[in-house]
Amino acid sequence: MASLNVGNLGEYLREQRRSAQLSLRQLADAAGVSNPYLSQIERGLRKPSAEVLQQVAKALRISAETLYVRAGILDAERGRDEVETRAAILADPTLNERQKQVLLQIYESFRKENGFGSDGSSDDGSDAGPQRTDD
């Protein structure tokens, strides 16, 4: 099986897993993915979905957006502000997981309301926001 072009995602995941002192099996269990599948991701043989990356990030207690950038799902330059904002929310030790998720949902809804998709680019080429009609 040839290695896929997913940047250095696998190496980064392995490094994060080892620094968290987790075995491959422990991380796979915590993330809800199979041990062989996670091993293939670490070796660069599989490109995981955003959902799998989110589960792995949660299990490692790291930013999912960082994994999205490394996997090529999120553009590092266009989404830098968004990534930094999300990372700050996720890293805040004073918030519990539910509060972090609610804040992220609110943040995303405001971005969409202002004409920006989740990839950091404007959906319609402007940031004017929704149009109001006075009919």
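Five salt bridges are present in this predicted model, that is, 5 in the structure as a whole. The model is predicted, not experimental. Side chains of opposite charge can pair when their charged atoms come close.

| Salt bridge | Closest N and O atoms |
|---|---|
| Glu42 and Arg14 | 3.4 Å |
| Glu42 and Arg17 | 2.7 Å |

**The network around Glu42**

Arg14, Arg17 and Glu42 are linked in a network of salt bridges. Glu42 forms a salt bridge with Arg14, at 3.4 Å between the closest N and O atoms. This pair links distant parts of the chain, since Glu42 belongs to helix α3 (residues 35-42) and Arg14 to helix α1, 28 residues apart. Glu42 also forms a salt bridge with Arg17, where the closest N and O atoms are 2.7 Å apart. Because Glu42 lies in helix α3 and Arg17 in helix α1, the pair ties together parts that are 25 residues apart in sequence.

The members of the network can also be described by their cover. Glu42 has a relative accessible area of 5% and is therefore buried, the limit for buried being under 20%. Arg17 is buried as well. Arg14 has 21% relative accessibility, so it counts as partly exposed.

**Helix α1 against helix α4**

Two packed helices are described by the angle between their axes and the distance between the axes. For helix α1 (residues 9-19) and helix α4 (residues 50-60), the axes come within 10 Å and cross at roughly 25°. Angles under 35 degrees count as roughly parallel, so α1 and α4 are roughly parallel to each other. The crossing in which α1 passes α4 is left-handed.

**Helix α7**

Glu97 is partly exposed, because its relative accessible area is 37%. Lys100 is buried, because its relative accessible area is 7%.

Helix α7 (residues 97-113) also holds Val102. Together with Ile106 and Phe110, Val102 forms a nonpolar patch on the surface, and the accessible area of these residues together is about 250 Å². Val102 has a relative accessible area of 34% and so is partly exposed.

Notes. Residues are numbered from 1 along each chain as its sequence is written. This is a predicted model: local features need pLDDT of at least 70, side-chain atom pairs count only at pLDDT 80 or more; totals for chains, interfaces and linings use all residues. Side-chain values use heavy atoms; hydrogens and water are left out. Patches are made of residues with over 30% relative accessible area and no salt bridge: like charges are joined within 9 Å, nonpolar side chains (Val, Leu, Ile, Met, Phe, Trp, Tyr) within 5 Å. Accessible areas come from the Shrake-Rupley method with a 1.4 Å probe; for residues, only the protein chains shown count as cover. A salt bridge is a side-chain nitrogen of Lys or Arg within 4 Å of a carboxyl oxygen of Asp or Glu. Helices (H or I, at least four residues) and strands (E, at least two) are DSSP runs, numbered from the N terminus. Buried means under 20% relative accessible area, exposed over 50%, partly exposed in between (1.4 Å probe, protein chains only). Axes are lines fitted to C-alpha atoms, for helices over the stretch in contact, and angles run from 0 to 180 degrees between N-to-C directions. Angles under 35 degrees count as roughly parallel, over 145 as roughly antiparallel, 65 to 115 as roughly perpendicular and the rest as oblique. A crossing is left-handed if the near helix is turned anticlockwise from the far one by less than a right angle, and right-handed if clockwise.
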